[in-house]
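Colleague: Could you walk me through this one before I set anything up?

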Amino acid sequence: MTKQDFKQLFEQYYNPLCNFANSILYDSTKAEDAVQDVFVKMWQKKESIEGMENLKSYLFRATRNKCIEYLRKLKLDQRLSEENARRIEVSSSINTDDEADKYLLKEKLFKSIRQLPPKCRNVFTLSKINGLTYNEIAEELDISPKTVENQMGRALRLLREMMNTKN
C-alpha cells in the first residue's frame, strides 16, 4: 500500500468511521482517537493488508473493536476510581495510633535485626526473609545444618531480648 493509496483510504473512510465510533462511545474526541489508532495500526501493518479484498469491513470491524477496548478501559478506570474512593474511606477510618504503633514496631524489629551478630543476622535473613530451609542455608554458607539451627536459636533469643526492651 502506497502513501497515496493510504491517504485516499483515510480521506474516504475517516469521517464515516468517526461517526460510527461516536455512535458507540458517545464522545467525539474519543471516537476520533479510536479511528486514528485504527489508521495508525493499519499503516503499521500495511504489508499484511495489501491483498485484503474488503477494506471497508476491516476498517469498521477494527474501529468497533477499538471502541470496545476504550469502553473496557473506561470501565476499568471507573472501577479503580471507585476502589480508590473506598480505600480513602477505609484509610480515614483506620486508627492512626494503631498504624503508627505497627510501623514503629516494624522499625524496631528491623533495627534489632541489624544489631544481630553478622553470622546470626545472615542466617536469620536467609531463613525468615529469603525463605530458605536450614539445609539450603547450610549449603549456601558451607556450614552444617546444626550450625544453622544454633545460629537461628541465638538470633531468635537475641531478637526477643531486644524487642522486650522499652527502647
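Modeller: Here is a short tour of the fold, the surface and the aromatic rings. This is a predicted model, where local features need pLDDT of at least 70, side-chain atom pairs count only at pLDDT 80 or more, and totals for chains, interfaces and linings use all residues. Residues are numbered from 1 along each chain as its sequence is written, and side-chain values use heavy atoms, with hydrogens and water left out.

Colleague: How many helices and strands are there in the protein?

Modeller: The protein has 8 helices and 0 strands, taking DSSP runs of H or I with at least four residues as helices and runs of E with at least two as strands.

Colleague: And how much of it is buried?

Modeller: Of the 167 residues, 25% are buried, meaning under 20% relative accessible area with a 1.4 Å probe and protein chains only, while exposed is over 50% and partly exposed lies in between.

Colleague: Switching to rings, how many aromatic pairs?

Modeller: There are 5 aromatic pairs, counting rings of Phe, Tyr and Trp (its six-membered ring) with centres within 6.5 Å, where planes under 30 degrees apart are stacked, over 60 edge-to-face and the rest tilted. One of them is the edge-to-face pair of Phe20 and Phe60, at 5.3 Å centre to centre with 65° between the planes.

Colleague: Where do Phe20 and Phe60 sit?

Modeller: Phe20 is in helix α1 (residues 3-25) and Phe60 in helix α4 (residues 55-93), so the pair links parts of the chain 40 residues apart.

Colleague: Why does Phe20 count as partly exposed?

Modeller: Because its relative accessibility is 25%; Phe60 also counts as partly exposed, at 24%.

Colleague: Which residues form the aromatic cluster?

Modeller: Phe6, Phe10, Tyr14, Phe39 and Trp43 form one cluster.
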